[in-house]
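Trainee: I would like to learn how to read pockets, cores and aromatic pairs from a model. Could we go through them one at a time?

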Amino acid sequence: MQKPTEIFGKWAEEGKDVGMEKGHANSVKEMLNFAFQERTNIGKKFSFLDLGCGNGWVARNVTKNALCAKAVGIDGADQMISNAKNMGGQVDYILADINSYTPSRKFDLIHSMEVLYYLEDPAEKVKNFNNDWLKEEGRLIIGIDHYYENLVSHSWEEKVGTPMLMLK
């Protein structure tokens with residue numbers, strides 16, 4: 001078993017990051033549409049953070065929203081961040097371990113897709129996101145497909161070759 005950042009760094013080198021984008025696009029679109037409607041109802045500019053941003057495709061898309069004032073992507077895989085920077089856009093990318101990173105600012109909207117189960121202590125980290133990363137009226141929106149009730153996902157840890165926490 002390898003660390004997730006090692007696996008996904010290799011995937012980025014092989015171009016599999018683009019496939020991840022295609023595979024998650026519909027779910028992410030639904031999540032973001034919900035969040036954008038909420039931000040529109042609030043009626044103020046928002047800051048955005050993508051946890052486990054990969055090649056930055058989500059953050060780049062979010063910058064197209066007229067209310068987005070700032071977009072940041074964070075990922076622990078060096079090659080993913082390199083790919084994200086090479087693809088351009090008005091996004092700040094940060095190479096860091098999400099388990100130990102502390103942002104210098106809080107965000108209105110934090111998004112994550114298929115990352116939580118790679119973290120050392122997801123429950124504690126969600127508390128940390130809420131208390132230290134998210135503004136008071138902010139929204140944390142997380143997509144997870146690897147869980148006990150999703151039988152198809154039970155083989156992912158072995159197939160991908162990295163530890164994944166599975167919860168009910």
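Trainee: To get my bearings first, in which helix is Gln37 found?

Mentor: Gln37 is found in helix H2, where helices (H or I, at least four residues) and strands (E, at least two) are DSSP runs numbered from the N terminus. Please keep in mind that this is a predicted model, in which local features need pLDDT of at least 70 and side-chain atom pairs count only at pLDDT 80 or more, while totals for chains, interfaces and linings use all residues. Residues are numbered from 1 along each chain as its sequence is written, and side-chain values use heavy atoms, with hydrogens and water left out.

Trainee: Is Gln37 buried, partly exposed or exposed?

Mentor: Gln37 counts as partly exposed because its relative accessibility is 45%, and buried means under 20% relative accessible area, exposed over 50%, and partly exposed in between (1.4 Å probe, protein chains only). The C-alpha atoms of Gln37 and Asp108 are separated by 13 Å, although these residues are 71 apart along the chain.

Trainee: How should I read a pocket, and what volume does the largest pocket have?

Mentor: Rolling a probe the size of a water molecule over the atoms shows where empty space is left. On a 1 Å grid over the protein atoms alone, a cavity is a set of points where a 1.4 Å probe fits but cannot get out, whereas a pocket is an open set with protein on both sides within 12 Å along at least five of seven lines, and lining residues have an atom within 4 Å of a point. Grid points are joined across faces, edges and corners, and a volume is the space filled by probe spheres set on the points. Here the largest pocket holds about 880 Å³ of space, and among its 41 lining residues Pro4, Phe8, Glu114, Val115 and Tyr118 are the closest to its centre. Helix H2 gives the most to this lining, with 7 residues.

Trainee: What is the volume of the second largest pocket, and which element gives the most to its lining?

Mentor: The second largest pocket has a volume of about 170 Å³, and H2 gives the most to its lining, with 7 residues. Among the lining residues are Leu32, Phe36, Trp57 and Val62.

Trainee: Which residues of the largest nonpolar core touch the most other members?

Mentor: In soluble globular proteins, nonpolar side chains tend to be buried together. A nonpolar core is a set of buried Ala, Val, Leu, Ile, Met, Phe, Trp, Tyr and Cys residues joined through side-chain atoms within 4.5 Å. Of the 21 residues in the largest one, Leu32, Phe46, Phe48, Val58, Val62 and Leu109 touch the most other members, and the largest share, 5 residues, comes from H2. Leaving aside neighbours within four places in sequence, Phe46 is in contact (heavy atoms within 4.5 Å) with residues including Phe36, Val62 and Leu109. A second, separate core of 14 residues includes Ile110, Leu116, Phe129 and Leu134.

Trainee: How many aromatic pairs does the structure hold?

Mentor: A pair of aromatic rings is described by the distance of the centres and the angle of the planes. Rings of Phe, Tyr and Trp (its six-membered ring) pair if their centres lie within 6.5 Å, and planes under 30 degrees apart count as stacked, over 60 as edge-to-face and the rest as tilted. The structure holds 6 such pairs, including the tilted pair of Tyr117 and Tyr118, at 4.8 Å centre to centre and 50° between the planes. Phe129 and Trp133 form an edge-to-face pair, because their centres are 4.9 Å apart and their planes lie at 70°.
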